[in-house]
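Subject: Structure handover

Hello,

Here is the structure I promised to pass on. My notes on its interfaces follow below.

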Amino acid sequence: MWTFARMHAELYAPAVERWNAKQPTAATRIDLSLLGVLAVEQRMMSAFLSGLPSADLIEAERRIAARAFAGPIEAVGFLDLTDRIERDGLRDKINPSSFTPWSKSGRVFGLPHDVHPMMLAYRADIVEAAGIDVSTIKTWDDFVRVLSPLLKNPDGSRRDDRMLLNLWETQIDMIEALTLQAGGGAIDSKGLPMLEHEANARAISHIALWTRGASPIAAEVAYFDGTGHKLMRDGFVIATFAPDWMCNFWRKEVPQLAGKLKLMPLPAWDVGGARTSVWGGTMLGIPRTAKDPDALWEFAKHLYLSRELAQELYVKGDIITPVRELWDDPVFDAPDPFFGGQRKGRMYIELAPQVPERFSSPFGALALARLQSATSEVCAAAREMQATSIEPLLPIAREALRRAQADTMRHVRRNRFFAELSEQSAPAGGAP
Amino acid sequence: MMAPSASRTAAHTASRDRAAWLLLAPFLALVVVFTLWPLAGAVLLAGQQTFGPGTSRFVGLANFRGVLADPLFWQALQNTIVFTLGSVLIQLPIALALAMLLNQPGLKGRSFFRLVLFSPVMVGVVYVGMIFFVLLQKRTGLINQLLAMLLPSWDINFAWLEHWIMLAMILASLWQYTGFNMVYFLAALQSVPSELQEAARIDGASWWKRFRHVTLPAIIPVGSFVVLLSIIGSFQIFELPFILLQGNAGVDNKGLTIVGYLYQTGFQSGDLGYASALGWVIALVLGVCALAQRVLSARAEAARSTSAPRKAPAPALAPALARQPSGGNP
Amino acid sequence: MANVRLTNLCKRFANGAPVLDGVNIEVPDGAFCVLLGPSGCGKSTLLRIVAGLDDATSGDVFIGAQRANEQSPKDRNIAMVFQSYALYPHLSVLDNIAFPLEARGVSRKERRARAAKVAESVQLGALLERKPAQLSGGQRQRVALARAIIREPAVFLFDEPLSNLDAAMRHAMRVELRALHQRLGVTSLYVTHDQEEALALADRIVVLSGGRVQQIGTPHEVYHAPANRFVASFVGTPAMNFVRCTVRAHASGASLAFEGGVLQVPESWAASLAPHDAATCWLGVRPTAHRLASELHDVSLSATLAMRVASTEMQGDYTDLHGTGPGGMPWTARIRSAHPVAAGGLVSLAIDFRACHVFADGAGDAQSAPRLCGGASTPALAQSPSFAPQSFAPPTFAPATSAPASTMEPSR
């Protein structure tokens, strides 16, 4: 079995040992290897393209899905797990939105590892010192209004300024998360680009207004390097997007933030709207070339669905399990001192059912890149017109998205297979 | 009488041929397996529409038509040309100037400077990317901090890695490769005939005239080779933007290079046929550059072979000179 | 037009090794002066110092009345022709020739007119649009010459200009250069290691060795009255033969004794040798000074040496004999003979003392010890009755050893 994350490898080792101890023969024992993300991706794709065997179990990250699931269903390199999932009643056991990234035309090719609901992490020390109560924040408009007293030098003058939100036009993952939360996204359930969706226009207009408007509230803080960590410690931004796994990253990489951060659900786009989104994701798949799929399926369930792993995944990795029946575990109710004693496991679990569905497509990367370009166009417009509201930006966003959609569709149409397949599967895909 | 001897010779030749082929075999096998076969595969692939593993269809030149009609291709080409021109027109004159400075007779610490200027090449491009990623950050980057310190009006949020990504890339590769090209020029400057330099000094030629009539003609063969290397290297730029932009194409695809686009289509979207077609277009562009270089340097070489021997009477040259008909040698 | 005067010129390398060591030369206005010496003798350095391409460590360079030490090359009113021709490879013949004028800001029209005229004068008229790569070696050197001429300089400097040409071309160019000098009359300094070239071209030869001037003189002087053993051995082909001997002065004249024999020298030498009685010295014999004793009509008139011939080289008009001569020294004799000489035998050679010289045996720098006597001052062979061959003239025979020797036999 191949995995790409050190943390995963460490968590799985005990479960693998328990499994191996119970196996009567060497044939069904598991050998766990930790590889780099790119290495897993390249080896897996080489194996799929050449039809040669690879590892019997591959843990894969979301971005490989576009390539691994391209082509006709019967040519996908992973084993179709749909029937096994139905047979073992996993469809209801697991949070539905966790299946969609690993699905194609209603068929599922991977066992989901996580849900990855997203909240906002905010500098509770600063917010509370100012006497602000974040529980009054229900929508993004509330967020800007309630926290704006904390802005410093919003005109962009140097060094000692402070912003409200870590968000920038280059952060493709955040753009995707916000459009998904608004009900849009880059790819629809058929795997086709859906950039023209009105929710997308709304989301990117806001992003432009917040980052490049007349009174910006958002700035960029890099998530994964030292410069970003420094700005986090300095309190340059009040709030940052925080899927469950990000909590673990900060705990390990920026321990100075302990006790200073707290979490709150994402502000909704509309009152009563979704209070969360999603970022990242992992699945466990069985390549078609594997010799004993039934034993592997048993092991996969043992690994991913066990209570022990769910507990360890949360305790050691801050990640909540997609298995709904395990959500009652008391481990999720433990107060977390890093986040000011919040019972953050429970908070994430409460948001899990609202996590938006996202779909995989060979055109996903392209569609997202065009979505980002469209966002940049609106940002440039917002800066030029010194926008103070989203109304003038919306038509610009719609036009930019229309062009982005057209560009992406040009590539879709060029692919003769895809056109044929989507025609065939369009009626069938409707009834899972 | 002749027959046995002739057949022996034939047998001898045959066995020699066999030995030759046997000795060549390992090399040929490597070339066939790792060069010719993939090359043929790339030709076939460029004519195919692929869709996931194991599904493909011959589509003729559709991929090439698609490439030529693809605005992203043209943008990537334009970005790459901008980067290439930046590399060639900024980097090479600086490299030549540095080489000429280091070539001054009587310069102290020459090998120290040479080492210092050359050493960035020894750093992998990925590390260079990571270093410049940190250096060029908004707010926290050393370069913005320094500039803000020196120029009070400097915007500390100057976004090198967004709208100015090409400039950032040119800067980073300038830092990395100037010393490398300098070493080429330094070697070329050794071939500038010193007597010609002196003749020009006696003739009263100015610095610029000496550079134009003596130094430049002598280093043109190496110079044009360095230009070609720079063009090829610049055209293949991939790692630098990949690192600087964290795997994306940058704001409004400003950092999308042509190989980056190949990666995006082939390895992110999985459209291998299209990526192959892109690869052939790149190869074609570079082939034209290489051809131009050959023609150019052949011409320069022809003009140079004149300038006869350098220093010390080289006996080998005498017959060469004698062979030339006095009427001229076109 | 100007004379060139070098006073006390010294040049040391950075490591202190001397290249030029107190050189004093005066080249009169309009003279053709050749600097001759083996490689490494400092002649090229000397020329480069005159050109201003190198600086002297000490001493002065005067071009005309002007001290030129601090002048840059272009201000010295000189033109230089290099061994490698140093043509601008991408310029046409015409542009190469006109180049010095361009640097001086002469108008393009005038440049081209003058260059064409100069090119015509060196027979390049038909090649004006060619590139240097399309020319033969001789043509290239003519272009270099033309480029020097067009400047109308006060002094021409030549740095081994003919070394890269083949023998025939070298001969032809030599004649041309000589004619050119006669036509223009420009003071010329010409560096070469080829003594033939030096003898053919020069009004005046400066022989250099080890950074010092060994002799300054006309070609005739340098050849027929070499100042010291170095000059004698360097000038002349094949090189002069030497044998170490002891001076014996006596009332009737003088003789030179060496291992294995004694040679009675002409009367005219006696006075010069008398003060050096019992001193060791070197007898130098030019290979051309020999004749086969067997072919002389009157052997009795001639002094002879014995030589063991190891090999012979037929050269056409003459034959070179190589082997060992008196005192066991390596010996070369150039003889005119109608009959072949067999290798391996012993031959008796009559000596023409006009082509012989005696040099003192200096203590330190043996090569530069001065000449004592010899050369053309010696009476002609046929007119020297006193030079009785030892074998036929017992009275003049003074054996160096007790062993009677009919001829000076090689010791081995």
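First, a term: a salt bridge is a side-chain nitrogen of Lys or Arg within 4 Å of a carboxyl oxygen of Asp or Glu. Arg251(A) and Asp336(A) make one, with their closest N and O atoms 2.6 Å apart.

Some ground rules. This is a predicted model, where local features need pLDDT of at least 70 and side-chain atom pairs count only at pLDDT 80 or more, while totals for chains, interfaces and linings use all residues. Residues are numbered from 1 along each chain as its sequence is written, chains are lettered from A and ligands numbered from 1 in the order in which they are written, and side-chain values use heavy atoms, with hydrogens and water left out.

**Inside chain A**

Chain A is assigned two stretches per domain: domain 1 is 2-112 + 279-354, and domain 2 is 118-278 + 361-425. These bounds come from an automatic or database domain assignment. The C-alpha centres of the two domains lie 28 Å apart. In contact (heavy atoms within 4.5 Å) are 25 residues from domain 1 and 37 residues from domain 2.

The two domains bury about 2500 Å² between them, 62% of it on carbon and sulfur atoms. Buried area is the accessible area (1.4 Å probe) that two parts lose on being put together, summed over both. Trp279(A), Phe338(A) and Tyr348(A) supply 40% of the area that domain 1 buries against domain 2, more than any other three residues.

The rule finds 3 salt bridges across this domain interface.

**Between chains A and B**

Here 40 residues of chain A are in contact with 47 residues of chain B. The buried area is about 3800 Å². Carbon and sulfur atoms give 53% of that.

There are 4 salt bridges between the chains. Lys138(B) forms a salt bridge with Glu220(A), and their closest N and O atoms are 2.9 Å apart.

Which helix of chain A gives the largest share of the side that touches chain B? H15(A) does, with 6 residues. Helices here are DSSP runs (H or I, at least four residues), numbered from the N terminus. H15 spans 364-385.

That side of chain A divides into 17 nonpolar, 8 polar and 15 charged residues. Ala, Val, Leu, Ile, Met, Phe, Trp, Tyr, Cys and Pro count as nonpolar, Asp, Glu, Lys and Arg as charged, and the others, Gly among them, as polar.

Best wishes

Key. Helix = DSSP H or I, 4+ residues; strand = E, 2+ residues; numbered from the N terminus.
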